[in-house]
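Subject: Structure for your files, with notes

Hello,

The structure is pasted below, followed by what was found in it. Please read the notes with the model open.

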Amino acid sequence: MGASASIFSPVSVGKGLLLVVLPLLLQAGPGAAWVRIVDMALLYSMLAIGLNIVVGFAGLLDLGYIAFYATGAYLYALLDSMQFNLHWPLWATLPLSAALAGLFGLLLGAPTLRLRGDYLAIVTLGFGEIVRIFLNNLDTPFNLTNGPQGISLIDPIRLGNFTFSRPHHFAGLTLTGTQQYYYLFLATVIGMAWLATRLQHSRIGRAWAAIREDELAAAASGIAVRNYKLLAFSLGATCGGFAGALFAGFQGFVSPESFNLMESVMVLCMVVLGGMGNVNGVIFGAILLTVLPEALRMMGDWQLNHFGHIWIDPNDVRMLLFGGALILIMLYRPAGLLPSPAQRREWQKKLP
Amino acid sequence: MTGLALHNLRIRYGHLEAVQGVDLHVDDGERVCLIGANGAGKTTLLKAIAGLLPVHAGQIHFNGHSLLRRAPHDILRHGIALVPEGRGMFNQLSVAENLSLGAYTRTDPLAVRQEINHIYDTWPRLGERRHQPAGQLSGGEQQLLSIQRALLSRPRLLLLDEPTMGLAPLMTEAVFASLDMAHRNGVSILLVEQNARLALAHSDRAAIMETGRIFITGASRALIDDPTVQAAYLGL
């Protein structure tokens with residue numbers, strides 16, 4: 001995406017300014033709920049960036065990715081809540097959450113090294129469910145996770161004396177908690193996207209691409225396939241864990257319900273629809289798939305305003321329309337909305 | 001001890017023994033071809049040498065070093081490169097990206113660049129298509145690319161698994177020309193091939209393999225004139 005163009009070009013500066021004022025505009029316009037939705041979209045962007053490392057870069061289908069998000073979220077919840085009355089500082093909790101998730105990534109990667117495609121997908125799906133079921137049941141023999149009730153009253157994210165959930169005054173403006181979280185999440189997404197892009201174009205990224213294309217030929221070219229697969233799993237998981245910790249602090253509450261299979265599938269959809277292998281694409285996918293279902297929710301108000309009566313309850317058809325949109329995108333943009341150059345070439349060849 | 005030496009090599013898939021005690025050597029600078037019917041164990045043998053399959057029993061030595069239980073990338077560093085069956089293209093990646101992946105283990109980017117340019121000069125079809133995805137090349141072009149990619153690791157020994165399978169006669173000639181060129185540059189060759197006549201014509205020694213065993217070895221010239229070989233493999 002125009003890496004050669006200066007970041008100080010008018011268009012880039014315009015985009016940057018828009019990102020800076022977006023939470024203010026949303027708060028003033030559609031309302032505070034939308035700031036929250038955009039915050040969630042940014043969290044999902046982090047997940048999409050992480051899963052893209054596994055699926056898009058290295059070509060390993062992972063259907064249990066949300067388990068790493070859960071790992072990060074729960075570790076944060078345990079270390080910063082009333083559950084054990086621990087209140088660790090962010091500089092300790094956040095890296096630990098990311099590292100534990102990375103370790104879980106290795107644990108998932110190691111036994112699945114020989115598996116590919118469907119078989120890998122099934123094992124990763126099982127892994128995701130195992131983590132969720134553990135979280136659901138670890139209230140006995142001693143109460144670690146509080147079971148299905150989840151952990152509530154989690155400390156908000158605090159950097160020094162700055163508590164993100166409390167409103168603050170800046171130069172005559174009052175920023176709400178969700179607005180402040182927006183800037184934190186935006187900075188994280190930008191950082192992760194930058195790192196992922198650097199990785200993609202590094203020696204490591206080339207090795208991943210080779211493994212994705214032909215594992216045997218990659219091994220024959222001198223690429224240590226095993227190590228690079230493990231690295232992909234673990235780096236992808238690290239992103240998930242990091243996002244999970246931020247989510248726990250932002251939400252103030254975690255429960256196993258938030259980490260079910262549907263969530264894994266959703267993040268995979270974001271990666272595939274946005275454009276596997278393209279970091280900007282998967283971020284776009286994440287934002288679209290977070291915002292679209294919420295936007296469809298507003299159909300009810302729209303009908304009420306125009307017809308004075310709700311003919312079609314949005315809650316009934318929301319997921320139907322959403323599914324239809326997914327099918328249309330896949331039919332007309334099979335390589336994703338913003339495909340990576342390699343994907344685009346592949347599909348151009350296949351389509352007349 | 002220079003070159004490759006296999007001693008009583010046995011390779012199993014579960015209970016099935018695909019290679020049943022093979023002795024074979026490829027001396028430094030030698031070209032050896034391995035011919036035989038489908039299912040004789042030829043591909044299995046090459047994969048085991050390249051470290052892609054575990055060896056059940058026996059020995060593999062290369063220039064005095066044992067290659068048993070080594071990872072494929074380690075074997076490549078010892079100077080053995082495999083051109084896999086079916087070419088092993090990185091289809092979505094460009095010709096240039098495929099070539100640079102062949103030099104993955106090397107640490108002298110300037111020399112690699114020069115060698116890649118030399119490949120483009122020698123094989124203009126690859127040069128013209130350097131930015132196209134490798135999957136869009138013709139079968140013959142892919143095979144040439146696969147061979148050149150393997151040579152970029154600067155191997156001492158090149159293993160080739162049926163490089164002319166499914167190619168037009170003209171491309172088959174080009175493939176053998178590229179092998180002759182590599183050989184002149186000092187690369188030893190172990191070639192698995194279905195086209196026995198061409199394989200014998202382009203090798204110093206030949207081994208004939210059937211059901212996991214080598215049962216004839218000899219100078220390629222002598223085997224071309226051997227009546228049993230003629231009857232079984234050359235269709236004369």
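In which loop of chain B does B:Arg154 lie? It is the loop between α6 (139-151) and β7 of chain B. Please keep in mind that this is a predicted model.

Chain B overall

Chain B contains ten helices and ten strands. Its radius of gyration is 17 Å, close to the 18 Å that the globule rule gives for 236 residues, so chain B is as compact as a globular protein of that length. Along the principal axes, the C-alpha atoms of chain B fill a box of roughly 45 × 40 × 30 Å. Buried residues make up 46% of the 236 in chain B. Of the contacts in chain B between residues at least 6 apart in sequence, 67% join residues at least 24 apart.

The sheet

An open sheet in chain B is formed by six strands in the order β6-β7-β8-β3-β9-β10, with mixed pairing. Its edge strands are β6 and β10 (213-219) of chain B, each of which pairs on one side only. On average, neighbouring strands of this sheet are turned by 15° against each other, direction ignored.

Strand β6 (residues 80-83) of chain B runs parallel to strand β7 (residues 157-161) of chain B, and four bridges join the two. One residue to look at is B:Val83, whose bridge partner in β7(B) is B:Leu160. In a regular strand the side chains alternate between the two faces of the sheet. In β6(B), B:Ile80 and B:Leu82 are on one side and B:Ala81 and B:Val83 on the other. These four residues are all buried, and both faces of the strand are covered.

The nonpolar core

Which residues have the most contacts inside the largest nonpolar core? They are A:Ala48, A:Ala232, B:Leu158 and B:Leu159, in a core of 169 residues. Helix α2 (residues 32-57) of chain A supplies the largest share of this core, 18 residues.

Leaving aside residues up to four places away in sequence, B:Leu159 touches B:Leu46, B:Ile49, B:Ala50, B:Ile80, B:Ala81, B:Leu82, B:Val83 and B:Leu190.

Where the chains meet

The contact takes 17 residues from chain A and 23 residues from chain B. On the side of chain B that touches chain A, the elements giving two or more residues are α2 (72-77) and α3 (95-102) of chain B. The most comes from α2(B), with four residues. By type, the residues on this side of chain B are 13 nonpolar, nine polar and one charged.

Regards

Notes. Residues numbered from 1 in each chain as written. Chains lettered and ligands numbered in written order. Predicted model: local features only at pLDDT ≥ 70, side-chain atom pairs only at ≥ 80, totals over all residues. Contact = placed C-beta atoms within 7 Å. Nonpolar A, V, L, I, M, F, W, Y, C, P; charged D, E, K, R; others polar. Rg over C-alpha atoms; globule rule 2.2 N^0.38 Å. Buried ≥ 20, exposed ≤ 12 C-beta atoms within 10 Å, placed from the backbone. Core = buried A, V, L, I, M, F, W, Y, C linked by C-beta atoms within 7 Å. Pairing = 2+ DSSP bridges. Axes fitted to C-alpha atoms, helices over the stretch in contact; angles between N-to-C directions.
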